[in-house]
Amino acid sequence: MRGSRTANRWWWLLAVLALVAAACGGNDDDGGAETAEPAAAQEQTAAPEETPAEAPEVESGEAPAEEAADEPAEEPSEQPADEPADEPAETPAEPTPAPTPVELIASYQGVTESEIAIGVAAIDPVQINEMFGIDIGIFPVQDLYAALSADLNDQGGIHGRNVVVHVVSFLPIGTADSERVCTELMEDQKVFVVIGQFLEDNALCITELHGHPYVGHFGENTERQERSNGLFFATEMKQTRQRVGGTTEMIRAGDLDGYRVGIYYEAPPDKEYADAVQPLLEEAGIDIVGVYSPGSPTTDTVQNEQNTDNISTRMEADGVDLILNLSNVYGIIQSAQRIGWEVRIAHTNGQAADRLTIADDQGIEDEYMARTFAVTTNKPTSEEALADPGVQECLAVFEERVPDEPLDLANDDIVNGVVNHCRVFALTVKILEAAGGNITPETFKAAAEGLGTFDLPAMIGASLSPDKHSAGSLVRRYEYFPEVRTYLPVGEPIPTDPVQ
């Protein structure tokens with residue numbers, strides 16, 4: 001039976017908010033752009049020389065002396081025969097040279113000889129709950145960063161510099177509030193680097209407009225990286241890599257065999273993902289019916305739903321029986337339910353691993369959810385995350401320094417949110433430490449690209465390189481379980497092949 005329309009359902013809002021539950025602006029004031037020329041990058045501090053190995057012991061015993069022909073033989077020595085001869089003294093080892101101290105200079109905005117200013121642009125869960133009745137996990141984000149930075153400073157900071165964190169919250173509706181936060185952090189607080197949860201292209205205010213590095217929970221793609229001049233980094237896997245990695249695994253597992261596949265994306269920037277996965281499907285011999293898009297969502301909910309339903313109706317008429325969805329998880333499932341289309345939907349967007357209450361939030365019936373699955377970026381369950389040593393250390397710091405505000409670790413959204421903030425702070429600190437004493441956007445970028453492979457809280461096998469600016473490297477399969485009305489991971493995380 002064809003479902004009825006819920007005209008005022010804010011699926012477009014929930015779609016962007018879902019990035020935040022577990023992940024994952026342009027400024028019109030020209031005077032706010034950074035004008036100072038960056039200081040020259042300082043060479044990395046040389047590692048201490050290795051201590052030379054000790055000289056080997058010289059064996060005891062003397063070479064026989066030459067005897068004159070007419071001299072009598074020496075009389076036996078009074079020294080007992082079994083007493084060893086004196087051994088030569090060991091050659092003393094040279095002392096290990098002290099490490100060359102890191103020279104700390106006031107190298108850029110937000111970096112002085114004694115401090116590094118870090119901005120945090122955090123989505124405000126309290127306002128979202130108050131305005132829309134959606135709980136994405138409410139916990140004291142500002143207190144978490146205060147605890148982490150205080151603990152870091154008590155341990156010596158970053159090469160002796162203290163870290164000062166400025167947390168500003170915003171609503172991810174439109175661009176105005178994101179622009180406000182960008183201006184406050186870059187022009188009022190004058191931070192060096194921003195940790196953020198900006199949606200769409202809003203982080204470009206930090207990188208493209210102001211020329212400073214940005215470390216996001218999510219959001220890196222090829223266009224944003226190019227416009228950022230290499231200053232856009234993220235913890236969650238790059239958006240294109242998610243889609244390519246997920247699609248590659250679906251092909252390997254035979255998930256698409258025998259289906260007539262429609263490739264679906266929403267906003268025009270997402271066409272990048274379609275362009276990346278279509279050749280993979282063609283090479284694998286998958287039957288591709290077409291590539292479909294309803295266009296960018298707007299604030300007109302009714303029109304958004306109508307546009308999506310029109311595309312769904314067209315795909316159904318074209319004979320599509322499996323949708324490879326490269327964009328927002330919610331909209332296309334809701335559309336299938338509204339028009340009564342019994343179609344299989346394969347997701348590649350990390351939202352499928354983010355929001356554990358998707359079915360209840362959207363009022364989607366089990367019969368439609370059960371025909372969906374996802375292969376997307378690996379996001380550990382709460383149980384897996386809480387067992388991770390890096391997460392345990394982060395939680396211990398918060399509990400010690402904020403004892404009056406216990407975290408509700410039985411709430412999956414809170415666990416996911418805390419873990420993501422712990423992870424992105426750890427990555428930012430790791431890059432700043434590698435940048436040395438002369439910290440500029442250029443040295444920050446070079447340091448990040450030289451990190452190689454490492455672990456972060458609840459993220460094993462993370463990596464950064466010149467060709468990879470998002471740390472995540474693993475995908476995982478997620479299937480819908482009607483008894484708990486949510487997606488759950490199935491099987492172990494799967495490494496992705498390198499994707500440019």
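A salt bridge is defined here as a side-chain nitrogen of Lys or Arg within 4 Å of a carboxyl oxygen of Asp or Glu. The structure is a predicted model, in which local features need pLDDT of at least 70 and side-chain atom pairs count only at pLDDT 80 or more, whereas totals for chains, interfaces and linings use all residues. Residues are numbered from 1 along each chain as its sequence is written, and side-chain values use heavy atoms, with hydrogens and water left out.

Under this criterion, 22 salt bridges are counted. One of them joins Glu200 to Arg224, with the closest N and O atoms 3.9 Å apart. Glu200 is located in the loop between β3 (193–196) and α5 (204–209), and Arg224 in helix α6 (residues 222–227), so the pair links distant parts of the chain, 24 residues apart; helices (H or I, at least four residues) and strands (E, at least two) are DSSP runs numbered from the N terminus. Arg224 is buried, with a relative accessible area of 8%, where buried denotes under 20%, exposed over 50% and partly exposed in between (1.4 Å probe, protein chains only). Both residues also belong to a network of salt bridges that links Glu200, Asp201, Glu208, Glu223, Arg224 and Arg227.

A salt bridge is also formed between Asp154 and Arg401, at a closest N–O distance of 2.6 Å. Because Asp154 lies in helix α3 (residues 141–154) and Arg401 in helix α15 (residues 389–401), the pair ties together parts that are 247 residues apart in sequence. Asp154 is exposed at 58% relative accessibility, while Arg401 is partly exposed at 33%.

Lys379 and Glu236 form a further salt bridge (2.7 Å, N to O), and both residues are buried.
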